[in-house]
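Subject: Structure for you to look at

Hello,

Here is the structure I said I would pass on. Please open it first, then read the notes below with the chains in view.

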Amino acid sequence: MDFFLQLLINGISIGFLYGLAAMGFVMIFKSSSVLNFAHGEMLALGAYIFLTLVTWAELPVPVAFLVSLLGSFILGFVIERLFLRPLIGEPLIYVIMLTVGLAAMMKGFMLLVWGGNLYIYPDFLPAWLTLDLGNIVVPPVYITAIFTGLVFLVIFGLFFKYSSQGIYMRSVADNQPAAMSLGVHVRRVFALSWAIAALVASMSGIVLGVINGINVHDLSAVGLKVFPVVILGGLDSIGGAIIAALIIGLLETFTGGYISPSLRDVVPYIFLIFILMVRPYGLFGLVEIERV
Amino acid sequence: MKIKRPVFHPCGNYFENYKDELKIFETDFGRICTAAGLVLFFILAPWLCGPYTIYVLNLIAITSIAALGLNILIGFTGQISLGHGAFFGVGAYAAAILATDYHFPFLAAVISAGFVTAFVGMVFGLPSGRLKGLYLTIATLAGQFIIEYVLIHWESLTKGTMGIVLPPPSIFGFTLDGDVKYFFASYIFLIAMVLIAVNIMRTRYGRAFIAIRDNDRAAEGMGIPIFRYKILSFGISSFYAGLAGGLWAFYMTSISAEPFTLALSVEYIAMVIIGGLGSISGSIFGAVFITSLNEGLRWITDFLMNAGILEGIELTLAPLRELAFGGAIVLFIIFEPRGIAEVWRIIRSSFRLWPFSY
């Protein structure tokens, strides 16, 4: 029973993290239909920027957090401007491969600067965040993960619903030519969505780094875990991504706990194939109707 | 009136029937040059090159075969697969298991490895019946991870992380020991596979693949059973990957599951894109480019290490390689999306049109 509850809580926390990671991914896909293979590297880069600011520059933690979010926001802009904009209107495979190339470049850069070792953040979370439920202890990181997940979810929900930029982004996602003819600056929307996605990615990278330590290979592997999540949720639904992330997180921890730890990393992909065969547009995705 | 076949390129298209248009070589000059070039290559390369160069040439031949297969799938049929590295691994393991446990001879083992992989590829191509575009790409990504997991964890068959040691290859009692003898084997395989690919693309199957790539709904409307052809394309592509994997396993003499990761799949897609999508010669250009890039970077870092310039600095091969590899992909996509094949075409036509090139 305790084991079950512990797995449940772990699963939910991991699910929330996947959900956070998936949110940035869905944002890019929603506005520009780009499948971003460099998402894991964006997570890792955010985590490394935070690490450098905290340990090397010795900034206080909240300042470092805000500065690294700002840094990745700008980085997102730069990536869009330099690499993605020349490809607007090119076939799918070029855009996919460009993000793959970008992922390799970012990975190489990070290995060059920080090396392949595992880093750990200094302990900065207060101990009172620990949740003690009798036999089960929830460490403060998980509480923070769930809390940040909820905060960002609310912020983005409000952003998409009420802010003008959010409405522009939704309109571009819905129908690009129509949005353009109504005066929406589509290129600016693309740039903004990359910037916001980079920001969200770096935030989830930081939280993941607090939990598992920071390592280029581990964090970029999370970027690939996002795929089963977004497919299950429907590629263009942020709420769906969160729910799907919880399902995938639980699936992973329960497989790891009850069946075999080595199967843990593959089970989301096996599940993914089944979803694709049964409901390719996911739980909440838009069903595409195609005409010649 | 029968027009005599020109020796050089005519200054326009003067085809009188479809048969002329389907010819591989438009002129006798091209045919003779290709044949002479191949003969010269077979005579000169083993004579001029040292063992290391021969080793790189062999790797190029093997990767060219795999890249050719991927180009049939991506460049001609338009189905993006991220599982080619895993299929290559399936081929390598199939050849290794057939050669050790069932004592297949070299040729039989390599070719049956191709067929085994073709079957696996068709199974993982099944989602293409319902999916296309991005969704299919993600399904093949899942296939890559599942195959990788099976290769590592099905220990009774694949020996897990211990790996398998293969017997030395031999054809009809003639042992292929050493790089030079393997050089002939691998290039004969490459030429055969190129010929097969070129000829598939000239038949109704090739035209159906291209129709599916350009517009699958319209292709279906014209009476092409697209599901069957997509599966066939997956099968052919994986056959190439499996054959290349088998050749690679025999060449390396021992294999384990480590190399067949997503990174390898990405490397193959990079070859196809850098070489040129939908171009047979492009696959070979891409394989030459990526393999030489890998080996060149290895050589440079070794040289710098030995010269003692980098002592104290923690510079290993991996980050430099990743940077250069990613940079090559990004630069090619932004500046020459049609790849080296297009550059080659431009160079050739500017020679042909000299002095009036434009």
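Start with V186(A), which is buried, with a relative accessible area of 5%. Please keep in mind throughout that this is a predicted model. Residues count as buried when their relative accessible area is under 20%, so the 5% of V186(A) falls within that class.

V186(A) belongs to helix α8 of chain A, which covers residues 186–212. Leaving out residues up to four places away in sequence, V186(A) touches V172(A), Q176(A) and M180(A). For a sense of distance, take I243(A): it is 57 residues from V186(A) in sequence, and the two C-alpha atoms are 29 Å apart in space.

Helix α8 of chain A also holds S204(A). Is S204(A) buried or exposed? The relative accessible area of S204(A) is 0%, so this residue is buried. Its contacts, apart from neighbours within four places in sequence, are L17(A), L20(A), A21(A) and L43(A).

Which residues does I28(A) contact, leaving aside its neighbours within four places in sequence? They are S33(A), V34(A), N36(A), S193(A), W194(A) and A197(A). I28(A) and I146(A) are 118 residues apart along the chain, and 23 Å separates their C-alpha atoms.

Now chain A as a whole. There are 11 helices and two strands in chain A. Read from the N terminus, the order of elements is α-α-α-α-β-β-α-α-α-α-α-α-α. You can trace this order on the model before going on.

How does the radius of gyration of chain A agree with that of a compact globule? For 292 residues, a compact globule would have a radius near 19 Å, and chain A has 19 Å, so the two agree. Along the principal axes, the C-alpha atoms of chain A fill a box of roughly 60 × 50 × 35 Å. Of its 292 residues, 54% count as buried. Among the contacts in chain A between residues at least 6 apart in sequence, 75% join residues at least 24 apart.

The accessible surface of chain A is about 12600 Å², and 68% of that belongs to carbon and sulfur atoms. As for charge, chain A carries 12 positive and 14 negative side chains, and the centres of these two sets are 13 Å apart.

Helix α11 of chain A, residues 267–278, has 12 residues and should span 16 Å at 1.5 Å a residue; its end C-alpha atoms are 17 Å apart, which agrees. The buried residues of α11(A) are V267(A), P268(A), Y269(A), L272(A), I273(A), I275(A) and L276(A). What do they pack against? Their partners are α9 (216–233) and α10 (238–259) of chain A, together with α6 (134–153) of chain B.

That brings us to chain B. Chain B has 15 helices and four strands. Its radius of gyration is 21 Å, close to the 21 Å that the globule rule gives for 358 residues, so chain B is as compact as a globular protein of that length. The box filled by the C-alpha atoms of chain B is roughly 70 × 50 × 50 Å along the principal axes.

Buried residues account for 49% of the 358 in chain B. Of the contacts in chain B with a separation of 6 or more, 75% are between residues 24 or more positions apart. Chain B has an accessible surface of about 17700 Å², with 68% belonging to carbon and sulfur atoms. There are 23 positive and 22 negative side chains in chain B, and the centres of the two sets lie 15 Å apart.

The last item is helix α4 of chain B, residues 84–101. Its 18 residues should span 26 Å at 1.5 Å a residue, and the end C-alpha atoms are 25 Å apart, which agrees. Why is α4(B) described as largely enclosed by the rest of the structure? Because 16 of its 18 residues are buried. Just after α4(B) comes H103(B), which takes a positive phi of about 55°.

Regards

How values were computed
Residues are numbered from 1 along each chain as its sequence is written. Chains are lettered from A and ligands numbered from 1 in the order in which they are written. This is a predicted model: local features need pLDDT of at least 70, side-chain atom pairs count only at pLDDT 80 or more; totals for chains, interfaces and linings use all residues. Side-chain values use heavy atoms; hydrogens and water are left out. The radius of gyration is taken over C-alpha atoms; the globule rule is 2.2 Å times the number of residues to the power 0.38. Buried means under 20% relative accessible area, exposed over 50%, partly exposed in between (1.4 Å probe, protein chains only). Contact means heavy atoms within 4.5 Å. Accessible areas come from the Shrake-Rupley method with a 1.4 Å probe; for residues, only the protein chains shown count as cover. Lys and Arg count as positive and Asp and Glu as negative; His and the chain ends are not counted. The place of a charge is taken as NZ of Lys, CZ of Arg, CG of Asp or CD of Glu. The expected span of a helix is 1.5 Å times one less than its number of residues.
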